[in-house]
Amino acid sequence: MHQAKGASCAKIILIGEHAVVYGQPAIALPIKSIKLTATVTPTAGPQVIHSTFYSGRLAAAQPPFTGLTKLIKQLLTFFSAAQQGFDLMIDSALPAERGMGSSAACAIAIIRAFYGAFDTPLDRPTLLNWAAVSEKAIHGNPSGLDAATTSAERPQWFIRGEAPKPIHFPTRGFLVIADTGEIGQTGAAVGHVADLLRRDHTKFQPVIEHIGSASRKAAVALAQDDLKALGTQLTVAQTALAQMGVSAASLDRLIEAAIQAGALGAKLTGSGQGGCMIALAADHATAHAVVQALTVAGAAATWTYDFAESEAL
Ligand code: MEV
């Protein structure tokens, strides 16, 4: 084993969250400018993690980091190095628990770092299989979308159980991302939707399918460079997500502010009940106006993603 680094980035789900857990399609983008790196260095001492989320011995990590502990232990066993000491440094520009994929991004960078440290080639299906080890610990039933996107180079069309595919994005258009400042807990939100489906399948299964249909229409809008139609589908998905109780007052306030400022559509992104929202803007001036409106409406942070970035890799 030698020192090695692995990288990943933030992700934004454009459309399809929650429904993707139940087999519906989703579209998500890697945000390459918001990066995470994991650097593993072999030592003669204990197994130690340094990060803004958790610092200390691997063995003492508490939930929600126990998923990563499990992943690292299994990786070391796989490399026949279960007792190997190391320092694992995680450097992340991703806010934790805000729907930007921090847990999946952590897992991806760690897997890449350990494979690098043991000079072992790593293909995409193997990478995503490993990521499922820790993602399962977060909410039991992960679709795999977060891992697929935080490890991708381009926007992804994703259906659970199938290989993710790159999807074309128009070269004009902007997504403004805003953080409510409230923690969104994926486990709780996914559990809530599972409960709804268990209790009233007849009522909520059509809502899941409605989100799936919005994702398919969004894909058509992307292929036709039709930002107006895309915005409409984002809002359709938000209405369905709100019906399932995964929005929040803070998200609703930011979504309303973005629409008032000229966004073509807006919705929560990720698991919801807090976390981040996104708004689609046709041009730079509108994106700027949306950022200002979101800041006035109380956003804790904003980021602007230029669709030109999706091709400029
Ligand atoms: C969380 O980022 C996305 C969800 O759809 C859960 C999943 O896909 O595993 C809510």
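Let us start with a pair of helices: the axes of helix α1 (residues 66–78) and helix α3 (residues 124–139) come within 7 Å and cross at roughly 155°. Axes here are lines fitted to C-alpha atoms, for helices over the stretch in contact, with angles running from 0 to 180 degrees between N-to-C directions. That crossing makes α1 roughly antiparallel to α3 (angles over 145 degrees count as roughly antiparallel, under 35 as roughly parallel, 65 to 115 as roughly perpendicular and the rest as oblique). Helices are DSSP runs of H or I with at least four residues, strands are runs of E with at least two, and both are numbered from the N terminus.

This is a predicted model, in which local features need pLDDT of at least 70 and side-chain atom pairs count only at pLDDT 80 or more, while totals for chains, interfaces and linings use all residues. Residues are numbered from 1 along each chain as its sequence is written.

On the α1 side, the contact is made by T66, G67, L68, K70, L71, Q74 and L75, and on the α3 side by W130, V133, S134, A137 and I138. Residues are in contact if their C-beta atoms, placed from the backbone, lie within 7 Å.

Now turn to the sheet. Four strands form an open sheet in the order β9-β10-β8-β11, with antiparallel pairing; two strands pair if DSSP finds at least two bridges between them. At the edges are β9 (265–269) and β11 (301–306), each pairing on one side only. From one strand to the next, the twist averages 20°. Five bridges join β9 to strand β10 (residues 276–281) in the antiparallel sense, and A266 stands opposite A279 in β10.

Two helices accompany these strands. Helix α8 (residues 249–260) lies across β8 (174–179), β9 and β10, and runs at about 155° to β9. Helix α9 (residues 284–296) packs on the sheet too, touching β8, β10 and β11, and its direction makes about 10° with that of β8.

Finally, look at the loop between β9 and β10, where you will find G272. G272 is buried because 31 other C-beta atoms lie within 10 Å; the cut-off for buried is 20 or more, with 12 or fewer for exposed and partly exposed in between, C-beta atoms being placed from the backbone. Leaving aside neighbours within four places in sequence, G272 is in contact with G184, A189, L241, V246, S247, A248 and L251.
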